[in-house]
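Hi everyone, thanks for coming.

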Amino acid sequence: MVDRNGWDADASVPAGPSHDPPASFVEQANVTDEAVYEAFEEEWPDCWERAADLLSWERPYDDVLVDDDAPFYEWFSGGRLNASYNCLDRHLEAGRKTHAAIRWEGKRGERETYTYQDLATAVNEFAATLLDLGVEENDIVTLYLPMIPELPIAMLACARIGAPHSVVFAGLSADALATRMDAADSEYLVTCDGYYRRGDAFNQKSKVDNALISLDQDVETVVVDRLGDDLPHVLGEREYDYDELVTAHAGETVEPVTRNAEDMLFLMYTSGTTGEPKGVVHTTGGYLAHVAWSSRAVLDIKPEDTYWCAADIGWITGHSYIVYGPLALGTTTVMYEGTPDYPDRDRLWEIVEKNAVDVFYTAPTAIRAFMKWGEEYPERHDLSSLRLLGTVGEAISARPWRWYREHIGGGDAPIVDTWWQTETGAITVSTLPGVDAMKPGSAGPGLPGIDARVVDADGEDVDPGETGYLTIARPWPGMARTLYDGDDRFRSEYWSQFSDPDDGRWWYFSGDAATIDEDGYITVLGRVDDVINVSGRRLSTMEIESAITGVDGVVEAAVVGRSGEGGGTEIYAYVSTEADCEPDATLRERIVEGVESSIGPIATPASVVFTPELPKTRSGKIMRRLLEDVANGDQLGDTSALRNPEIVGEIQTEIQTE
Ligand code: PRX
């Protein structure tokens, strides 16, 4: 079974021999009793009270799970709580005011520490600011900020007043921002003048100006002055300076709004199988309980730890495991604004050493880069504070897994390979580091209470080692409740493939292919839909194709994933042009610009191959699978069903001569 995204069951890396966690780790781990799996089964769904118990509730919930309107489940319904209270106030009340909440490391070597008191003060002041601007409960506030402290401050301020936030990754384009603000009908935006990119000042505000022009609604915009004199900016109508507003509200406090467990905490747009991004809705109680529980059980976070997730808050990983999970547990979370190789390739290890980081969580794409750069960089630093390592975003094969453990983890730190998605809200498949053996290359079993299965097209469990579809056969607290774009899309995107409503069966389909072994360990192979995962970031092939076809002179485009050197996936674009349009370097540049302006540089194709036409079936469907085989240099299947089989050879020649 081979899909469009380049995974191939035969080529998948078999899990290596298993490794037990070291005794010294187990002795101190938060969860060490293997009976936790059985207990969750026996007590399901009440088992999830353990997660809810990690939170402070203003009103206790009536039911753990309400499932009479599947797949629209309710968790902890009737319960009332506030996420900002749970991440801040209760730690102050527990006498932890001076404990560090966020340690921020700026791009230019700046360092700032926010104690829980500092963070609470900043959040209260900004919450007062938002109220003053007219933000009301349930209004959606868009946050378009890089990795600066104002981002988590704004998120928690929104949570405090019950206004769901919609964070748009700062690297996305003006068009992408406008699409998301339009879809969410968002009338409030928090952004900045610009930020430093590898030392240079980069203008964010001009992107915002372009986005706002295309919106129908009036937008109140708050602008953080990140660059000062390095990038002077002018504020227009309905635009306000962050510092000025906050200074006007200095010392003010805002009572946290009491929210229903099922009230929306935030909206997060992610790529789907169509060109339109999906607005994934997460609610307050179940999400916060699940991120807190998984931060504790999987990432082994303790309040006295310094913990670092080197992701961007612009994506779900940062929401769950830089902001909400660690702060709910009252730990110290490190936030890094820069890149791993600036000013030098040891930057991350310098930060680990300086902050004596206990737990470090990153993506396989980063680990592959570290491995390529060589061990001399981590060797420059004392990394002995690290107790546990984690990975997320794509599969990590055995070699980088071992390198990570050896050169970052001192040879014996356990690694958790965590599989989850924007839609699952929190980790759903992983080993528990204090309980389970690890198998390099395999994420592990479903977490306790998570019924993760690998099934064939009929929903039957596949045999060990066989490829199938990764599904979750039971609801879980952190799950998305719906899509902002509508319940129908939610049902059809995730609940139509393996569910059988007549039989009362509601199984969530992840869009991923996987194998499972005799011990129930799951190895994720990649997407089976029109989504490609590039450096752990999810992109829709259709969205990229429509950006390319928007370029003058382009007739058609087909985008596929190609396995890059040393693992990972690259974007490979086939483009056909109008007869009078020269397929040359200038056009290639315009295509790259087109993609960057409609999505952002993260979607820039690694290769653009021009072809007079795309291979199509007789019914006119583009044969993307074939194009993917061509891109990957794989053996081609039968091309006789093509209307224009000769084009395949032409494309291959074109690639070879490039
Ligand atoms: O294909 C899987 C891959 O990332 C997808 C989810 O992307 P996103 O919603 O952006 O969330 C990323 C971070 C949670 C999945 O469908 N993926 C995520 N973690 C892993 C993974 N693939 C293999 N192994 C993982 N540990």
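The centres of domain 1 and domain 2, taken over C-alpha atoms, are 36 Å apart. Their contact, meaning heavy atoms within 4.5 Å, takes 8 residues from domain 1 and 9 residues from domain 2. Domain 1 covers 117-257 and domain 2 covers 530-657 of the protein chain, with bounds from an automatic or database domain assignment.

A word on the source: this is a predicted model, where local features need pLDDT of at least 70, side-chain atom pairs count only at pLDDT 80 or more, and totals for chains, interfaces and linings use all residues. Residues are numbered from 1 along each chain as its sequence is written, and side-chain values use heavy atoms, leaving out hydrogens and water.

Now, how much area do domain 1 and domain 2 bury between them? About 500 Å², with 50% of it on carbon and sulfur atoms; that is the accessible area (1.4 Å probe) that two parts lose on being put together, summed over both. On the side of domain 1 that touches domain 2, we find 4 nonpolar, 2 polar and 2 charged residues. Here Ala, Val, Leu, Ile, Met, Phe, Trp, Tyr, Cys and Pro count as nonpolar, Asp, Glu, Lys and Arg as charged, and the others, Gly among them, as polar.

Let's finish with a sheet. Eight strands form an open, mixed sheet, ordered S12-S11-S8-S6-S7-S14-S15-S23. Strands (E, at least two residues) are DSSP runs, numbered from the N terminus, and two of them pair if DSSP finds at least two bridges between them. At the edges sit S12 (239-241) and S23 (482-483), each pairing on one side only.

Terms used:
Helices (H or I, at least four residues) and strands (E, at least two) are DSSP runs, numbered from the N terminus.
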